[in-house]
Amino acid sequence: MRKVLGAVTALVFALGVATFIGLPGATAQGGGGTIEADVKYNGAPQVEKLKVNKDTEKCGTEAVIEKVVVGGNKGLANAVVSVPGAKGVGKATKTTIDDLEIKNSDDILHNIHTYSTANPSINKAQPKFKKVMTEKLEKPEYVKLTCDVHSWMLGWVAVTPGPAAVTDANGVAKIENVPPGKQTVEVWHETLGKQTKDVEVKAGQTTKVSFEMKK
């Protein structure tokens with residue numbers, strides 16, 4: 001399991017994949033614009049292989065952890081792009097971690113453990129018969145998520161105070177209905193850290209911004 005959330009917008013990671021959440025809010029007044037972020041990494045992919053030592057009949061014997069995923073034209077996948085200061089956009093959503101609605105789909109015991117500071121930590125067992133648990137993360141932060149039963153399972157929940165999206169295989173993410181005016185765009189990656197840039201958003205137009213993440 002490796003996933004990203006946002007709550008005030010949300011994102012989830014599952015062994016190298018990403019997602020998000022958002023708090024309810026009104027749509028942008030007067031028409032919003034779109035931010036298209038192009039995130040690159042001028043380096044090699046980083047992959048770690050770990051031996052699976054429990055529940056091998058369900059989990060296999062080896063877990064492949066994609067710490068840095070680099071696609072075509074050096075695009076960085078699975079980076080969280082957000083606009084923290086863009087207030088009053090988006091709708092409330094639910095986030096699923098397959099295994100905050102938390103779903104257990106493989107019929108084995110898990111223990112959901114979050115390492116948070118702004119939000120209360122979660123440390124709960126999820127037996128195989130408990131298919132769904134619902135938890136809330138209401139304050140902005142990037143939260144590490146593990147399963148205490150399966151040491152190789154790791155994820156991140158990105159709780160953001162504005163709209164957010166996750167870069168695709170080519171390192172591109174689009175955020176629509178952003179209020180016009182000066183906005184700060186933030187990019188976060190679990191291995192490569194965080195960068196920000198200021199842009200000017202215009203109603204009905206797409207504003208493009210590029211980032212190059214460093215080691």
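Here is a short tour of this structure, stop by stop.

Before you start clicking, know that this is a predicted model, where local features need pLDDT of at least 70, side-chain atom pairs count only at pLDDT 80 or more, and totals for chains, interfaces and linings use all residues. Residues are numbered from 1 along each chain as its sequence is written, and side-chain values use heavy atoms, leaving out hydrogens and water.

**Stop 1: a four-stranded sheet**

Select strands E14, E6, E16 and E17, which make an open sheet of 4 strands in the order E14-E6-E16-E17, with antiparallel pairing. Strands (E, at least two residues) and helices (H or I, at least four) are DSSP runs, numbered from the N terminus, and two strands pair if DSSP finds at least two bridges between them. Which strands stand at the edges? They are E14 (164–166) and E17 (193–201); each has a single partner strand, so one side of each is left without a neighbour in the sheet. On average, neighbouring strands here are turned by 20° against each other, direction ignored. For such angles, axes are lines fitted to C-alpha atoms (for helices, over the stretch in contact), and angles run from 0 to 180 degrees between N-to-C directions.

Now pick out E16 (residues 181–189), which pairs with E17 in the antiparallel sense over 9 bridges. Click valine 185 and look across to E17: its bridge partner there is lysine 197.

**Stop 2: lysine 87**

Go to the loop between strand E6 (80–82) and strand E7 (97–98), where you'll find lysine 87. Is lysine 87 buried or exposed? It is exposed, with a relative accessible area of 54%. The cut-offs are under 20% for buried, over 50% for exposed and in between for partly exposed (1.4 Å probe, protein chains only). Leaving aside neighbours within four places in sequence, lysine 87 is in contact with Pro161 and Pro179, contact being heavy atoms within 4.5 Å.

**Stop 3: two positive phi values**

Select asparagine 78, in the loop between strand E5 (62–68) and E6. Its phi is near 65°, a positive value in a residue other than glycine, and asparagine 78 is buried at 13% relative accessible area. Then hop to aspartate 55, in the loop between strand E4 (46–51) and helix H1 (56–59). Aspartate 55 is not a glycine either, yet has a positive phi of about 55°.

**Stop 4: two cysteines**

A disulfide needs two cysteine sulfur atoms within 2.5 Å, and the structure holds 0 disulfides. Cysteine 59 is partly exposed at 22% relative accessibility, whereas cysteine 147 is buried at 3%.
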